[in-house]
Amino acid sequence: MKRSVPRRGRTLRTRTVISLLAAGALATAGAMAASAAPGGGNGNGGTHATGESGDDDLMASFAAFQDPRLSPSGAVTAGAYGAAWQHVQSMPVNPASYSEVTTQPLNSDSLHFRDRAASNSGGGAGFSAGRIAALAVDPTHSGVVYAGGADGGVFRSADDGASWTPIADRLPALSVGALAVAPDGALWLATGEATTAFDNFLGSGVYRLANPATSTFAPADKVGGGELDNASIHVLRFDTAAGYVFAASSHGVFRRAIAGPQDTGWQKVLAPCAGVGGSGVACGTTQYYADIANDVVVQPGTGGKRLVANVAWRSGAGYNGFYYSNDGGTTWAEANPLGAVNPRDIGNATFAYSADGSRLYVVMESPILLNKATGAHAPATVLAGVFVSPNGDVNGPYNQIATSAQLASSGSAMALPVIGSGYQPGVQAWYDQSLIVDPADPMHVYMGLEELYESRDGGASWHAVGRYWNFGLSCFSYTQSADTCDGNVMHSDQHALAVSTWPGKAPEVFVGNDGGAYARPTAQSAPGWRNLNASGTLRTYQYYSVGAGTLPSGGDAVWGGLQDNGVVLSTPTGATYQGRQLNPAGQMVEPFGGDGGDELVNPANGCQTLAEYTDLTMQLTNNCGYTANDDGTPQAITNVAPEDPGPRFIAPFTADAKDSGYWVAGGEYVWANSKTWASTSGADWQNIADSGAGHSITAVASQNHVIYAPWCGSCNPGSAFGRGILTNYGGTWHQLALPAAFPNRYIQGVAIDPADASGATAYVVLSGFSRHWAEGPGAGFGHVWRTTDGGVTWSDVSGTDGAADQLVDAPGNRVYVAADGSLVVATDLGVFTDNVKSDGLGHWKRLGTNLPTAVAFYLAPSPDGKSLYVATHGRGVWKTAMP
């Protein structure tokens, strides 16, 4: 079956410029988002979007994540995260213990989960992990490689990527921006991912691990003061000759001495808008997009004196440009690139020098194209091009060595006849960029966009050696015997590259992307890659949701939606359903492709799930998505999406807590469905209420058909931000008049007390930070609020302000009410519980201490109610006893 379109989370909604400072838990002062407005709708109905969609859905998704954390004003005072982390360390602890659930390898090409309309299985990516944002090779320990998960911390492999071990799970932040091995063998970790993705979390600074081959990171390994807290860091570079290490960050370029005391601070050396490193540069933008440093490199052969940096906001600003220093980074000047590079169209760029310093390669995004990228006539790419300065001078003159069209004709799966006119190489050049030169050959270059390309002649010719997928290619067939595609395919969206130089061993190139890591020898020209995710030990899975149901063969089927890795099913090895082997090889599978979203699972039948391909595009399976035939037939997944004008990127839906035959979902409208597992189309949903024009429902709960539906509108942080709660408590639909003390922040979760049959008692959890750190109305500080009268009055049950057992002041994501009335809240800093029965309201404890510090995004009970599943965005799914 020919596919002309991408299914990896790329569907047209709207394009807007959003902030690099995607706040996550680590919101910085002045961080601001101008997000995608609701109203894009979900007209794709679960099928693959047209190629003209480009990457707009990815853009919209970014806003959906940061909106809650920056609301209401878009401004959060520096220090918010640090204070929250310190508070967590002093909180009392409920001695719970977690076990990791998602430990099996994730086979995203599993043979019998290949629904032709909904699945990416069969596309060729093989085994997958979560997004890898950074890679480093240990030059002194053969076979030792380090991988940085976007939100999952650092993993070490001692066997050339065959298996992995986490080594940073106890740091305050698991968002990885950069990894680099210093001349003395220490591993430096820069926290705060810098791909400008919506689920980027800013960092807690830089850490140095003296013996990385054998030890693990601890908070005490921090290098410097707080200069790089609350920042994203794209790269770390060592200038060995000058004795400095440089960091390209969202606040500019910083440096410090490689050696010296650990608490030696970082010095800001280049920030054009702030007048640091030079003068006379017009900033041309607001503080929110100022001084974003994307890369810094040291030119070999200059004694450590010559440095080159790209400082630029991807949508354009007066300060955008190439900068250089001739004195080891003390002073800087703006370059005037000649030749093929247009100095008025410099956006996000990545540099790579040849080992002898003779050639400077650049891959660059175009702000001009990015700002045109909306509507029916949007450009199919935002790639300005790939360039080389053949004399190594940052001023050039530059030759253009690749265009989007040239890359599309290099064996790419993104060629116009294959994937469609709206999705050409470099369409996400603002997000996907990586570049490296073979240390042994100045003409041998690897360059990553959505796909990975290789040139062995300095850019005169290119070959797509890591295709987006095989769908749509003439070699592809769902019939296995007829599928002749080669092995030059991997997961999309390339973010990291590294080359090994181990003595006595052939050099290898390592690749990190949205689906994990791959490797092969640099000398290899034959198709194929070694998949470094196959062991299932590189567990950087970025879950948005989790749900579980029992299987007749025993154990639970655990489902969840992931970033760019679809909807994943985990079952016990040997699990069966209706006589079919679901998991004969001990692997997780991906029955639904693209970006996953919310999840609803029948607790009595784990093969029945309602999943989301973003924007309320709900899809249903009654047989675990199992396609009985080897060719992806018959259809196992059904689109049941209603047409809604304003869903959030991840829109909420749930089953009624007391009536499993009644479902509720939220976009702009509240939708109800009484056909549930017998549903066959979106027509089975009934529009039962309207939250209001321009509003989007952010959470939903139903019990005995009493429904609470919090909403935002506008959802953008800023003066137009609004929030409210729609309910039918009392028998008629109405908007609640929230009291003045109720914080004006994004309402991320809602739950109804199961002990209150009337539905009058409900809880909501708020995202963002309190008024200790954020601007905006609302006198309340807490994150959990309770009503006992159907929303007429509300009280803050987060605890006494300043008390050790107050709930942490960090973004809340989910609230769950246990059968005994105990409260459990998932936050960006872990999971917390209030045993109301024994301790009373407002007395919170950490729920265990062995959960990695990745963001806790979602909570779901086990089918028997005895356990609680926790979905983390970066470290997969975990399970603990119900508190």
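**Exercise 1.** Find the partner of C475 and describe the link.

*Solution.* Start with the sulfur atoms: C475 and C485 form a disulfide (a pair of cysteine sulfur atoms within 2.5 Å), with an S to S distance of 2.0 Å. Next, look at the torsion: with 90° about the S-S bond, this link is right-handed. Then place the ends: C475 and C485 both sit in the loop between β28 (463–466) and β29, 10 residues apart. Strands here are DSSP runs of E with at least two residues, numbered from the N terminus. Finally, check burial (under 20% relative accessible area, 1.4 Å probe, protein chains only): C475 is buried at 18%, and C485 is buried at 16%.

A word on the model: it is predicted, so local features need pLDDT of at least 70 and side-chain atom pairs 80 or more, while totals for chains, interfaces and linings use all residues. Residues are numbered from 1 along each chain as its sequence is written, and side-chain values use heavy atoms, leaving out hydrogens and water.

**Exercise 2.** Work out the handedness of the disulfide between C607 and C624.

*Solution.* First, the sulfur atoms of C607 and C624 are 2.1 Å apart. The torsion about their S-S bond is about -90°, so this disulfide is left-handed. C607 lies in strand β40 (605–612) and C624 in the loop between β41 (618–621) and β42 (638–639), so the bond ties together parts 17 residues apart in sequence. Both C607 and C624 are buried.

**Exercise 3.** Count the disulfides and give their pattern.

*Solution.* The structure holds 4 disulfides. Counting bonded cysteines along the chain, the pattern is 1-2, 3-4, 5-6, 7-8.

Conventions. Helix = DSSP H or I, 4+ residues; strand = E, 2+ residues; numbered from the N terminus. Buried < 20%, exposed > 50% of the residue type's maximum accessible area, 1.4 Å probe, protein only.
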